[in-house]
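Open the model in your viewer and keep the sequence panel beside it. We will go stop by stop, selecting a few residues each time.

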Amino acid sequence: MRRLPSLNALRAFEAAARHGSFTGAASELNVSQAAVSRMVRLLEERMGFPLFERRANALELTDRGRALQPGLTGAFDTIADSVERVAAMRDGPVLTLGVGATFAVRWLIPRLSAFHESHPDVEVRIATGGAGAPIREDWTCALLLGDGHWPGYEVEELFTADMLPVCAPPLARTLRRPEDLLSATLLSVSHWADDWPHWFASAGLAPPAVKGLSFSSYAMTLQAAADGVGGARLYIADDLAAGRLATPFALAVPMGRAWYLVSRPARHREPGFTVFRDWLRAAVGSSDSEKKRPPERAPAV
């Protein structure tokens, strides 16, 4: 059991120590100067030693007062921060979604405003990690790329992932046949090194010797492609629709993987998950009906 002096007295002392006067403390605490002086005096009597040296028109902390004040200031700041955080907490459901950073930026986040408009009471928290990252305990669900095999989890396929060459529109107009890519600058993602060989094999061509530029993420690769450098990429729907990227050839090659909504069965009772799953299904269906395939991985030139 904690045996503390009066918290009001501690507050009065801490405020007076910061302001250097009982008057400043009284103004902050919205009490009289006499009340602050009395509470500090009671605290000093309780502790058995003075905390201030009272001088004419001035207060000066004693050595013990100087030792006590920083800890009290930090403690009261912590209490104030905790109260503010709790006061700011939403009353509605919270959905914590695990998703790869590139997928979040390229497809999900541009569409989340529509979800918020329909469900303003649901707080969505994005937890980014690799597309194949393990599912964390604090995640409500995850959007992951894989083969659909996550033992112990509920898995719902959202859309398949295909590879499709993309590049800046001016460059696309110079490409006539897939063979033209053999002499182009190719962009690739370092952890998907087989993208280009797989696409060339599907086009009936031997892949060229490795050349071009390699990036650590699809976000950087796509930006380079839009800038006219050319390369491999993922998540092209919005860039194609906006004209930032173009597809010189229509050959889309299945990756053998798909994007899935992955969740624990116990989470299905949570209202935030239920409305998000229904919205996600509709968003994927809308993308398909508009022929804007959501995430595709695409070699580009």
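Where is the place of Arg 267? Select Arg 267 and look: this residue sits in the loop between β10 and α10. Bear in mind throughout that the model is predicted.

**Stop 1: around Arg 267**

Is Arg 267 buried or exposed? Its relative accessible area is 18%. The cut-off for buried is under 20%, so Arg 267 counts as buried.

Now show what surrounds Arg 267. Setting aside neighbours within four places in sequence, Arg 267 is in contact with Glu 137, Asp 138, Trp 139, Thr 140 and Phe 273. Zoom in on Trp 139. Its backbone oxygen lies 3.4 Å from a polar atom of the Arg 267 side chain.

**Stop 2: Arg 264 and Glu 137**

Arg 264 lies in the loop between β10 (253–263) and α10 (271–289), and Glu 137 in the loop between β4 (123–129) and β5 (141–146), so the pair ties together parts that are 127 residues apart in sequence. Arg 264 counts as buried, at 17% relative accessibility. Glu 137 is exposed, at 64%.

Next, select Glu 156, Arg 277, Asp 278 and Arg 281. Salt bridges that share partners join these residues into one network.

**Stop 3: other salt bridges**

How many salt bridges does the structure hold? There are 14. Side chains of opposite charge can pair when their charged atoms come close.

Select Glu 44 and Arg 54. They form a salt bridge, and the closest N and O atoms are 2.8 Å apart. Glu 44 is in helix α3 (residues 33–47) and Arg 54 is in strand β1 (residues 52–55), so this pair links parts 10 residues apart in sequence. Glu 44 counts as buried at 6% relative accessibility. Arg 54 counts as partly exposed at 32%.

Now pick Glu 53 and Arg 55. Their side chains meet in a salt bridge of 2.5 Å, N to O. Glu 53 is partly exposed, with a relative accessible area of 34%. Arg 55 is also partly exposed, at 47%.

**Stop 4: the largest nonpolar core**

Which residues touch the most other members of the largest nonpolar core? Select Phe 103, Trp 107, Leu 108, Leu 143, Phe 276, Trp 279 and Leu 280. The core has 39 residues. Colour the elements that each supply at least two of its residues: β3 (94–100), α5 (101–118), β5, β6 (154–163), α7 (195–202), β10 and α10.

Then move to a second, separate core. This core has 20 residues, among them Ala 12, Ala 26, Leu 59 and Leu 72.

**Stop 5: helix α1**

Select residues 7–19. This is helix α1, with 13 residues. From its first C-alpha to its last, α1 reaches 18 Å, close to the 18 Å expected at 1.5 Å a residue.

Look at the start of α1. A side-chain oxygen of Ser 6 comes to within 3.3 Å of the backbone nitrogen of Asn 8. Next, highlight the buried residues of α1: Ala 9, Leu 10, Ala 12, Phe 13, Glu 14, Ala 15, Ala 16 and Ala 17. Then step just past the end of α1. Gly 20 takes a positive phi of about 75 degrees there.

**Stop 6: helix α2**

Select Ser 21, which caps the N-terminal end of α2. A side-chain oxygen of Ser 21 lies 3.0 Å from the backbone nitrogen of Gly 24.

Which residues of α2 are buried? They are Phe 22, Gly 24, Ala 25, Ala 26 and Leu 29. What covers them includes α1, α3, β1 and β2 (58–61).

Finish at Asn 30, in the loop between α2 (22–29) and α3. Asn 30 has a positive phi of about 60 degrees although it is not a glycine. At 69% relative accessibility, Asn 30 counts as exposed.

How values were computed:
Residues numbered from 1 in each chain as written. Predicted model: local features only at pLDDT ≥ 70, side-chain atom pairs only at ≥ 80, totals over all residues. Heavy atoms only, no water. Helix = DSSP H or I, 4+ residues; strand = E, 2+ residues; numbered from the N terminus. Expected span 1.5 Å × (residues − 1). Buried < 20%, exposed > 50% of the residue type's maximum accessible area, 1.4 Å probe, protein only. Polar contact = N/O pair within 3.5 Å; in protein donor to acceptor, adjacent residues only side chain to side chain. Salt bridge = Lys/Arg side-chain N within 4 Å of Asp/Glu carboxyl O. Core = buried A, V, L, I, M, F, W, Y, C linked by side-chain atoms within 4.5 Å. Contact = heavy atoms within 4.5 Å.
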